[in-house]
Amino acid sequence: MIRFDHVTKRYADGTTAVDDLSFEVNEGELVTLVGPSGCGKTTTMMMVNRLIEPTSGHIHVEGEDISGVDPVRLRRRIGYVIQQVGLFPHRTILDNTATVPALIGWKKSKARARAAELLDLVGLDPSTYGSRYPEQLSGGQRQRVGVARALAADPPVLLMDEPFGAVDPVVREQLQDEFLKMQAAVRKTVLLVTHDIEEAVRLGDRIAVYGQGRIEQYDTPGAVLGSPATPYVAEFVGADRGLKRLSVTEIEPVDLEQPSVARFEEPPARAAARMREDGVRWAVVLDEGGDLHGWVGVDEASLAGPDGRVGDLAHRMRAWVPVGAPLKQAFGVMLQHDAGWVAVLDGARFLGVLTPAKLHEALRRSVDADAQGVARDEVEFDSVADA
Ligand SMILES: Nc1ncnc2c1ncn2[C@@H]1O[C@H](COP(=O)(O)OP(=O)(O)OP(=O)(O)O)[C@@H](O)[C@H]1O
């Protein structure tokens, strides 16, 4: 979708900002360009919409060599979001958002309807915010308008230069979440520049880690954090990359342990006998369909009368997460509830529990899976406990 072919940019003063760069961004993919100040990220991005011309090499967008495309026509296909947003101060939010559709000749009513739709998409109610002026919005809200405006003419490609850089960390995280949700719906091809490795990891399907004018590693967040290609990348992603990796590694069924099970309808005494046999203090309570109804302790099940059902004794399971959630979330839930494990659910269905040992194993398994280029359940793995 976007392809760089041996692209070099040398400025007039001799600075080589980008040095023989080749990489490709697939359709619908969000690629983050991350690296220290002055490494050439913005130059890379601005060559895509021809605000900067390469010294040599070729860039293709949607299969077309852009050096032959009229820049104005090219930019209509490419939304552009920058940190300073650049809203027109004397135009309403609705008119600001409708700028590009109006420029390319849409009827005013159609352009405004589209703008209202986009404002809604970025979480700003057009009936409240549409008639306001930029100075009447918070920084975070202005940033959202910037995103809405860039999407207004429905361009296939979106370039974003530090789009969430100007807001505080809490708002930034919120904007990132909203943007990810939106991207899941609209699936644009996105190049996003950031100097923040956390942001790069959080947003990118793939990350390009820049050294001086060059990409040092181009891979998924998991792979970059798990197996940095060079000492430079390792240094850049930081010593706490194991922690960062927790937030990009999803819980999979292969990571889970199966605890003792007590059936919802069975007599408590029977469940208690089984728990004693298994040498455990508690069991999860499941119905016939495998849905989770909480947990029950061995002592209370032993003490219950002969007529009851396990289901009547079940305690609510507070420590749980959905399958596919990041390991970091599971870890957070464990700490929050001071629990030694968390239940993992697929809807209401119980899949197993994640323990700290299994969490560690999942992390190691995902590092190996990325290094070997295979799925996580294909990794041959000797756990510490087996050794
Ligand atoms: N017009 C210019 N003339 C000369 N050198 C320039 C020009 N624009 C940028 N540079 C230099 O090119 C290099 C790359 O700049 P670029 O803006 O692409 O970096 P960046 O990675 O986006 O940095 P930042 O994160 O600070 O924005 C830097 O050394 C910069 O000083």
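Two strands are said to pair if DSSP finds at least two bridges between them. Aspartate 161 stands opposite valine 193 in strand 8, and strand 7 (residues 157–161) is joined to strand 8 by five bridges, the two running parallel. The model described here is predicted. The chain has 387 residues, of which 39% count as buried, and contains 17 helices and 16 strands.

**The chain as a whole**

- Along its principal axes, the C-alpha trace spans about 85 × 50 × 35 Å.
- Of the contacts with a separation of 6 or more, 61% are between residues 24 or more positions apart.

- Strand 8 covers residues 189–194, and six of its six residues are buried, so the strand is largely enclosed by the rest of the structure.
- Thr189, Leu191 and Val193 point one way from strand 8, while Val190, Leu192 and Thr194 point the other way; all are buried.
- Besides strand 7, strand 3 (residues 30–34) is linked to strand 8 by five bridges, and these two strands also run parallel.

**Valine 190**

- Valine 190 belongs to strand 8.
- A residue is buried if 20 or more other C-beta atoms lie within 10 Å of its own; valine 190 has 25, so it counts as buried.
- Leaving out residues up to four places away in sequence, valine 190 touches Leu30, Val31, Leu158, Met160 and Gln183.
- Aspartate 20 is 170 residues from valine 190 in sequence, and the two are 21 Å apart in space, C-alpha to C-alpha.

**Nonpolar cores**

- In soluble globular proteins, nonpolar side chains tend to be buried together.
- The largest nonpolar core of this model has 68 residues.
- Val48, Leu119, Leu159, Leu191 and Val209 have the most contacts inside that core.
- A second, separate core has 30 residues, including Ala262, Ala272, Ala301 and Ala362.
- Leucine 159 touches Met45, Val48, Asn49, Ile78, Tyr80 and Leu191, with residues up to four places away in sequence not counted.

**Surroundings of the ligand**

- There are 13 residues around the ligand, and Tyr11, Ala17, Ser37, Thr42 and Thr43 come nearest.
- Helix 1 (residues 41–48) supplies the largest share of this shell, with three residues.
- By class, the shell is made up of eight polar, three nonpolar and two charged residues.

**Helix 17**

- Helix 17 (residues 356–372) has 17 residues and reaches 24 Å from its first C-alpha to its last, close to the 24 Å expected at 1.5 Å a residue.
- Its buried residues are Lys358, Leu359, Glu361, Ala362, Arg365, Ser366, Val367, Ala369 and Asp370.
- An α-helix has 3.6 residues a turn, so residues three or four places apart point the same way.
- The cover over the buried residues of helix 17 includes helix 10 (221–226), helix 16 (327–336) and strand 16.
- Glycine 373 follows helix 17 and has a positive phi, near 65 degrees.

**Arginine 349**

- Arginine 349 lies in strand 16 (residues 349–354).
- Arginine 349 counts as partly exposed because it has 13 C-beta neighbours inside 10 Å.
- Apart from neighbours within four places in sequence, arginine 349 is in contact with Gly290 and Asp291.
- Histidine 293 is 56 residues away from arginine 349 in sequence, and the two are 9.5 Å apart in space, C-alpha to C-alpha.

**Positive phi outside glycine**

- Histidine 6, a residue other than glycine, has a positive phi near 45 degrees.
- Histidine 6 is part of strand 1 (residues 2–10), and it is exposed, with 12 other C-beta atoms within 10 Å.
- Arginine 50, also a residue other than glycine, has a positive phi near 60 degrees.
- The place of arginine 50 is the loop between helix 1 and strand 4 (56–61).
- With 19 other C-beta atoms within 10 Å, arginine 50 is partly exposed.

Note on methods
Residues numbered from 1 in each chain as written. Predicted model: local features only at pLDDT ≥ 70, side-chain atom pairs only at ≥ 80, totals over all residues. Near = placed C-beta within 6 Å. Helix = DSSP H or I, 4+ residues; strand = E, 2+ residues; numbered from the N terminus. Nonpolar A, V, L, I, M, F, W, Y, C, P; charged D, E, K, R; others polar. Core = buried A, V, L, I, M, F, W, Y, C linked by C-beta atoms within 7 Å. Contact = placed C-beta atoms within 7 Å. Expected span 1.5 Å × (residues − 1).
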